[in-house]
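Open the model in your viewer and keep the sequence panel beside it. The stops below say what to select and what is there.

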Protein chains: 2
Amino acid sequence: MVLAEVPSAAMGAVAAVGKVMPSLHPNQYSLVFNAFSFSVATMFAAFVFFVIAQSRIAPKYRISMMVSALVVGIAGYHYFRIMGSWEGAYVAQGTMYVFSGKPFNDAYRYVDWLLTVPLLLVELVLVMSLPKSKSGSMLTKLSLAAALMIATGYPGEVAAAGDIATRAMWGAISTVPFVYILYVLFKELGDTIAAHPPEAQVLFRNMRLLLLATWGFYPIAYMAPFVGFTGAGAEVAVQVGYTICDVLAKAGYGVLIYNIARIKSENEGWSLDGTAKASHT
Amino acid sequence: MVLAEVPSAAMGAVAAVGKVMPSLHPNQYSLVFNAFSFSVATMFAAFVFFVIAQSRIAPKYRISMMVSALVVGIAGYHYFRIMGSWEGAYVAQGTMYVFSGKPFNDAYRYVDWLLTVPLLLVELVLVMSLPKSKSGSMLTKLSLAAALMIATGYPGEVAAAGDIATRAMWGAISTVPFVYILYVLFKELGDTIAAHPPEAQVLFRNMRLLLLATWGFYPIAYMAPFVGFTGAGAEVAVQVGYTICDVLAKAGYGVLIYNIARIKSENEGWSLDGTAKASHT
């Protein structure tokens with residue numbers, strides 16, 4: 001009879017499949033939920049902006065804006081799903097939100113990154129307008145490194161909560177392509193950036209710093225369980241942190257790309273008032 | 001009283017309509033679910049790309065891009081349905097995902113292929129810009145063969161799990177149009193490909209290899225029960241394998257078509273900066 005009074009959802013939590021979510025204060029639960037909703041709104045708004053903004057830049061740069069639109073569109077979809085998964089993972093019980101027993105699918109993030117991280121690097125290479133021969137090989141190696149980085153992080157992420165060794169191993173493997181990407185961005189692409197107009201150079205440098213700052217958060221969040229940073233506070237910090245980083249690294253990054261493309265379009269004589277190129281004779 | 005404690009979902013599995021799904025470890029269940037979600041995101045992102053990318057190629061090639069958009073749009077819809085069907089087919093029980101008794105509708109794939117496989121061949125023929133007389137008959141015979149291949153595979157797929165004979169028979173029948181399609185692609189279209197600019201020829205050859213590699217997976221998955229490859233591992237391998245192949249054979253294939261169309265547009269003097277064709281005089 002006592003058993004019959006326990007809601008079935010809470011019973012599921014006793015023998016949960018996958019990670020058991022910590023109980024949250026309503027404010028904690030809502031903060032995460034609202035951060036997800038913020039991200040959905042931002043990503044879809046950015047999608048509309050990047051689609052429409054194409055007409056404001058020279059045709060050759062429109063492809064990078066289109067890729068920006070795809071990135072935030074894909075991210076908007078995933079945040080919508082993450083928000084739904086979060087809602088399903090909790091039930092209000094007494095004055096707290098407790099785990100419903102339905103797993104929170106954090107792995108949507110990996111699915112998202114597997115698609116969007118290579119595309120973010122593609123945006124960057126496209127707006128640089130490298131010579132065709134160089135741009136092809138640059139696109140291939142950066143996309144492959146990005147996909148490898150995400151794919152090798154995943155087994156560590158889905159490893160059992162106590163299995164720190166597995167997490168550490170995959171985390172270390174995943175760091176190799178990450179460092180390689182940074183090397184390419186900061187070393188190999190340095191010369192190409194130096195060949196840009198000064199205004200654009202500043203933006204490129206800002207963009208690399210944005211990448212470093214936001215992408216740098218992911219390994220930190222990944223390592224949180226190593227240092228025993230778990231429980232309600234950790235869950236909220238990681239979820240809100242991921243969301244802020246995703247918004248900056250995708251929508252914010254896309255706006256930087258747009259500004260670079262605007263400056264380059266103007267410098268090349270393309271004007272908003274007409275598609276005509278100023279003659280260089 | 002003991003019976004009352006068995007969840008109704010698990011009871012359903014006892015007398016299931018159709019195939020009984022194997023119990024899965026949470027990581028297996030999630031891997032398949034996330035692969036489906038990955039495909040949904042990729043297909044719809046590709047849809048947006050192919051719609052917008054039309055403005056980047058000469059008007060005569062836009063129809064093939066439009067067909068690419070239809071293919072990935074249709075596939076995105078079907079993966080969304082497959083994802084929902086997968087979710088409905090399983091319930092968490094203890095530390096595992098067990099069959100809920102609600103059949104997993106794998107046949108969505110056949111519905112999808114019946115539409116998309118002929119369209120994929122249409123894309124290819126359209127981007128080749130064959131003479132009108134030849135293109136019409138090529139479209140008819142390839143589309144018919146593709147539809148026949150899918151339609152004759154279906155009765156074998158839905159045959160009872162133990163009925164290997166029925167599966168083998170329909171599988172064999174379905175192989176006839178498959179081989180015919182390969183014959184047309186590798187023999188009859190060979191001359192047309194040779195008449196293209198060298199850059200485009202490489203892409204055409206890559207595309208045929210992509211078709212062979214990805215389409216080749218379907219008969220292998222179809223034959224898995226013949227060799228006793230069933231159970232949890234097999235289910236996961238087949239579902240993830242199908243998903244990867246569909247993403248490559250539809251979105252990846254469309255990107256190849258786009259690149260071919262770009263190269264041909266440029267070679268014919270069409271430029272991104274204006275719709276005007278350069279005069280050849």
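The tour goes from confidence to the interface and then to single residues.

This is a predicted model, in which local features need pLDDT of at least 70, side-chain atom pairs count only at pLDDT 80 or more, and totals for chains, interfaces and linings use all residues. Residues are numbered from 1 along each chain as its sequence is written, chains are lettered from A and ligands numbered from 1 in the order in which they are written, and side-chain values use heavy atoms, without hydrogens and water.

**Confidence**

The mean for chain A is 87, and 91% of its residues reach 70 or more. Helices here are DSSP runs (H or I, at least four residues), numbered from the N terminus. Over residues 1–15 of chain A the pLDDT is below 50, and this stretch has 16 contacts (heavy atoms within 4.5 Å) beyond near neighbours in sequence. Where pLDDT is low, the predicted coordinates should not be read in detail. For the complex, the predictor gives an ipTM of 0.85 and a pTM of 0.87.

**The interface**

Show both chains. In contact are 28 residues of chain B and 28 residues of chain A. The two chains bury about 2200 Å² between them, 65% of it on carbon and sulfur atoms; buried area is the accessible area (1.4 Å probe) lost on putting two parts together, summed over both.

**Ile74(A)**

Select Ile74(A), in helix 4 (residues 62–89) of chain A. Is Ile74(A) buried or exposed? Ile74(A) counts as buried because its relative accessibility is 3%, where buried means under 20% relative accessible area, exposed over 50%, and partly exposed in between (1.4 Å probe, protein chains only). Leaving aside neighbours within four places in sequence, the contacts of Ile74(A) include Leu115(A), Leu119(A), Ala41(B) and Ala45(B).

**Val227(A)**

Next, go to the loop between helix 9 (198–223) and helix 10 (232–267) of chain A, where Val227(A) lies. Val227(A) is exposed, with a relative accessible area of 70%.

**Ser129 in both chains**

Finish at Ser129(A), in the loop between helix 5 (108–128) and helix 6 (132–157) of chain A. Ser129(A) has a positive phi of about 45° although it is not a glycine. In chain B, Ser129(B) has a positive phi of about 40°. Most residues other than glycine have a negative phi.

Definitions and conventions: pLDDT = per-residue confidence, 0-100. Helix = DSSP H or I, 4+ residues; strand = E, 2+ residues; numbered from the N terminus.
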